[in-house]
Amino acid sequence: MIHAVTKVTGTNTRESKIASAASTEGLLRVDGVTVRFGGITALDKVSFSVAAGHIVGLIGPNGAGKTTLFNCLSRLYSFNEGSILFEGRSVVEHPPHGIAALGIGRTFQNLALFRTMTVRQNIMLGGHCRTSSGFFANALRLPQVGREEHALQDHADELIELLDMQSVAETRVMDLSFGTQKRVELARALASRPKLLLLDEPAGGLNHEEVGVLMEQLREVRDRLKLTMLLVEHHMNMVMRISDKVVALDFGRVIADGTPAEVQANEDVIRAYLGVES
C-alpha cells in the first residue's frame, strides 16, 4: 500500500510540474522551428507561444508558411530544427495518429466530411479517438462498447446544441449548405475533446452574416469548453476582433507577435500585405 501511494504521489507531482510549465510558458510553445523542402525554406526559426484559454490568430500572405506550421503541429510534416511543446511535452514523441488523443484537434481548409452520413454520425466519429474498445470488443459487442457509444452520442448531442444544429442532426451532410457543413466539421473536431483546437480558415467561403455568427460561436465554444484556439484566417476583420494575440508570418519568418492593435500598426506587417512603406 505504501508503494502504491508513493507511485501515485510521484505521478501527481510530475503532472503538476507539467501543468505548471504549461501555465508559465504557454499551453503550446513553438521554438525555432525550421522546415525545408529541398532548397526551399518554408519555415525559418519560427517561435511563439499560445497561452491556455486564448484565441491566437496566425496571419500572413499566401505562401507565408501558415499551413506548413499547422501540418507540423498535427505531425503531418516533420521539421528539420527546433521544437514544439504541448503542455511541456514534445509533440514528436507522439505519432500522427496519436495527436488527437494528446489533446490537439483540427479543422481543415477543405471539408473532409462523410457526405452520406448524418450530422450526428459525423460528429460521433470525431470522438472515437477517445474510446478504448478494441476490434474484438466491438465484434462481440461487449458492454463496454455500448457504454462508449452512448457517451459519444451524448457528447455529440451537446455539441449539436452548442452550435445550434438540432434541426439538422439527422440530415445527411451532402444535403446541407456550405456554412452548416463548416459547423459540422467544427463539431467533429470538438468531439475529440481537445485542449487546443487548430482552425484552418474556418471563415473561408462564408458570407458576411455567417462570419459574424461564426465569431460568436467560437467565443462561446472557447468559454464553455475552456478551450484554446490557434486560428489561420485571411478574413482580417475577424482575426483582429476575435484574437487575444496575433502572430504574423512572411516568407516563413515571424515578423510580428503581439496584440491585434500592435500587429495592425506594425510596419513589417503593412509592408507584407500592401507592399508599401507605412
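Helix 2, spanning residues 66-73, is largely enclosed by the rest of the structure, because seven of its eight residues are buried. The model examined here is a predicted one. The buried set in helix 2 consists of Lys 66, Thr 68, Leu 69, Phe 70, Asn 71, Cys 72 and Leu 73. Just after this helix, Arg 75 adopts a positive phi of about 70°.

The protein chain contains 11 helices and 10 strands, and 45% of its 278 residues count as buried. Among contacts between residues at least 6 apart in sequence, 68% link residues at least 24 apart.

Six of the strands form an open sheet in the order 6-7-8-3-9-10, with mixed pairing. At its edges are strand 6 (104-106) and strand 10 (253-258), each of which pairs on one side only. From one strand to the next, the twist averages 20°. Within the sheet, strand 3 (residues 55-59) and strand 8 (residues 228-232) run parallel and are joined by four bridges. Gly 57 is found opposite Leu 231 of strand 8. Helix 2 returns to the picture at this point: this helix packs on the sheet and touches strand 3, strand 6, strand 7 (196-200), strand 8 and strand 9 (245-250). The direction of helix 2 makes about 150° with that of strand 7.

Once neighbours within four places in sequence are set aside, the contacts of Val 247 are Phe 48, Val 56, Gly 57, Leu 58, Ile 59, Val 254, Ala 256 and Asp 257. Val 247 and Gly 60 lie 187 residues apart along the chain, yet their C-alpha atoms are separated by 8.5 Å.

Leaving out neighbours within four places in sequence, Arg 172 is in contact with Arg 115, Thr 116, Met 117 and Thr 118. Phe 114 is 58 residues from Arg 172 in sequence, while the C-alpha to C-alpha distance between them is 8.8 Å.

At 1.5 Å a residue, the 13 residues of helix 7 should span 18 Å, which agrees with the 19 Å between its end C-alpha atoms. Helix 7 is mostly covered, with 11 of its 13 residues buried. Among them are Gly 179, Thr 180, Val 184, Leu 186 and Leu 190, as well as Gln 181, Lys 182, Glu 185 and Arg 188.

Helix 7 also takes part in the largest pocket. The volume of this pocket is about 520 Å³. Its lining comprises 21 residues, with Ala 100, Ile 104, Gly 105, Arg 106 and Phe 108 lying nearest its centre. At least two lining residues are supplied by each of helix 3 (99-102), strand 6, helix 4 (119-126) and helix 7.

Key: Residues are numbered from 1 along each chain as its sequence is written. This is a predicted model: local features need pLDDT of at least 70, side-chain atom pairs count only at pLDDT 80 or more; totals for chains, interfaces and linings use all residues. Side-chain values use heavy atoms; hydrogens and water are left out. Buried means under 20% relative accessible area, exposed over 50%, partly exposed in between (1.4 Å probe, protein chains only). Contact means heavy atoms within 4.5 Å. The expected span of a helix is 1.5 Å times one less than its number of residues. Two strands pair if DSSP finds at least two bridges between them. Axes are lines fitted to C-alpha atoms, for helices over the stretch in contact, and angles run from 0 to 180 degrees between N-to-C directions. On a 1 Å grid over the protein atoms alone, a cavity is a set of points where a 1.4 Å probe fits but cannot get out, and a pocket is an open set with protein on both sides within 12 Å along at least five of seven lines; lining residues have an atom within 4 Å of a point. Grid points are joined across faces, edges and corners, and a volume is the space filled by probe spheres set on the points.
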